[in-house]
Amino acid sequence: KAMRNEVICLRLSSHNISFFGLHNRICLYPNLRRISCAGEIRPNKISMLEGIISNSKITSLDLSVGGIDEEGADLISQGIISNNTITHMDISYISIGDQGCVTLLNAIHFVYIAQHLNFNQCEAGNESISILEEYLQKTTTLISFDWSHNQIGYYAAVQFCTGLKNNKTILDLSLHSCEMSGFAAVAVGEALKTNNTITCLNVSGNEFAEQGTQMICFALHSNSSLRKLNMSANTIGESVGCFGEALRLNHTLTFLDLSVNRIPNQIQELAKGLKNNKTLCSLVLSRCDLTDGDATALGDSLCFNKSLTFLDISHNKITYRVETIVKALTLNCPLVTLNMSNNILGDSQCLALVLSLEG
C-alpha cells in the first residue's frame, strides 16, 4: 500500500504484457500520472488498457510503436473521454490510418485539455486534417504538436494552415517529411505571416524548393515569435539568398538549420544578412556542397557578426580558402563552436585555424 502511494510513472515497455489482472490493480495507484507501453500494445490487449485509462487519473500516455489498429483507436478514444485528465499523448509510429486518427482527434477535441500531442507517422489523411483545422483554431491548451511523416497535399495544407493562422497556443510544431511542396509549402509561409505564437518550427525533409522558401523568408520579415527554424533537406537551391534579407529584418530567430541542401556558391546574400544580424546564435550548413567562395563569404560576415556562437559547415567541399574565417577567429568573434569536419582542408589550413584559436 505504501508503494502504491509513491508510484508516479509506470513503464511497461519491452515486456510481453497481457494486462490480465493488472488493469484493476493499477487503478488503485492514486498518484499514478504517467504510463508508457511503447512497442508493447497488441490489438487483443487494448480493451484492458482502455480500462486502465478510463479508471485512473493519468496525465501522460505513451502508446508509440504499438500494434493498435482502427478498432483499438476507438477503444483508446473512449478511455480518453472517460479519463478527462490526459494532457500528454504519444501515438507515434502506429498504423491506425486516417479513420483511427480521426477517432482519436475527436476524443482529444472533446476533452479539450491536451498540451502535447505526437501523431508522427500514423498514416493520417485528409479527413484528419479537416478535424485539425477546427481543433487548432479552438484549442486553448495545445503547446507542442508533431504531425511528421503524414502526407500533406495542397488542399490539406490550406486547411491545416487555416487552423494554424488563428492558433494562439502552439509553441513547438513539427511537420518533418510530410511531402509538402509547391503551394502546400507556400501555405505554411502564409500561416507564419499571421501566427505570432510558434517559437520552434521543423519543416525539414519536405520539398519547399524556391517557391516555398521564398514565402518562409518573406514571413520572417515580420514574424516576431519564431526562435528556431529547421529547413534542412528541402531543395531550397538559389532561394537560399532570400535568407539574407530575412536575417536583416528579423529580430527573433536564434537557430537556423539549412543543412542537406545543395547550395554551392550561393550563400553570399545570406552571409551579407548575417553581418549585422544581432539575434542568430546557431547556423547549420552541413552537407550543402559549400565551396571556398562560400567559406570566404561566411568568414567575412563573422568578422562583423556579434551574436553567432555555433556554426556547422561540416561535410562540404572547402579546401584552402579559410583566411577570412581565421581572421574572424583572431578578432575574437563570439563563436564558441565551429564544426568544419569532413571538408578537404590541407595541413597549412588546419594549422592556421588552430593558431587563430590560440590567440
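Analyst: Start with how residues are classed. Ala, Val, Leu, Ile, Met, Phe, Trp, Tyr, Cys and Pro count as nonpolar, Asp, Glu, Lys and Arg as charged, and the others, Gly among them, as polar. Keep in mind that this is a predicted model.

User: How is empty space found?

Analyst: Rolling a probe the size of a water molecule over the atoms shows where empty space is left. Here, the largest pocket has a volume of about 220 Å³. It is lined by 13 residues, and the closest to its centre are Leu329, Leu338, Leu353, Ser356 and Leu357.

User: Which helix gives the largest share of the lining of the largest pocket?

Analyst: Helix 14 does, with 5 residues. Helix 14 spans 347–358, and strand 13 (337–339) also supplies at least two residues. By class, this lining has 10 nonpolar, 3 polar and no charged residues.

User: How many cavities of 30 Å³ or more are there?

Analyst: The count is 1. The largest cavity has a volume of about 50 Å³. Its lining is Ile80, Ile86, Met89, Ile108, Val111, Ile113, Ala114 and Leu117. In class terms, that makes 8 nonpolar, no polar and no charged residues.

User: Now a helix. Which residues of helix 8 are buried?

Analyst: First, the general idea. An α-helix has 3.6 residues a turn, so residues three or four places apart point the same way. Helix 8 covers residues 182–194, and its buried residues are Ala184, Ala185, Val186, Ala187, Val188, Gly189, Ala191 and Leu192.

User: What covers these buried residues?

Analyst: The cover includes helix 7 (154–165), strand 8 (200–202) and helix 9 (209–220).

Methods. Residues numbered from 1 in each chain as written. Predicted model: local features only at pLDDT ≥ 70, side-chain atom pairs only at ≥ 80, totals over all residues. Heavy atoms only, no water. 1 Å grid on protein atoms, 1.4 Å probe; cavity = no way out; pocket = protein on both sides within 12 Å on 5 of 7 lines; lining within 4 Å. Points joined across faces, edges and corners; volume = space filled by probe spheres on them. Helix = DSSP H or I, 4+ residues; strand = E, 2+ residues; numbered from the N terminus. Buried < 20%, exposed > 50% of the residue type's maximum accessible area, 1.4 Å probe, protein only. Contact = heavy atoms within 4.5 Å.
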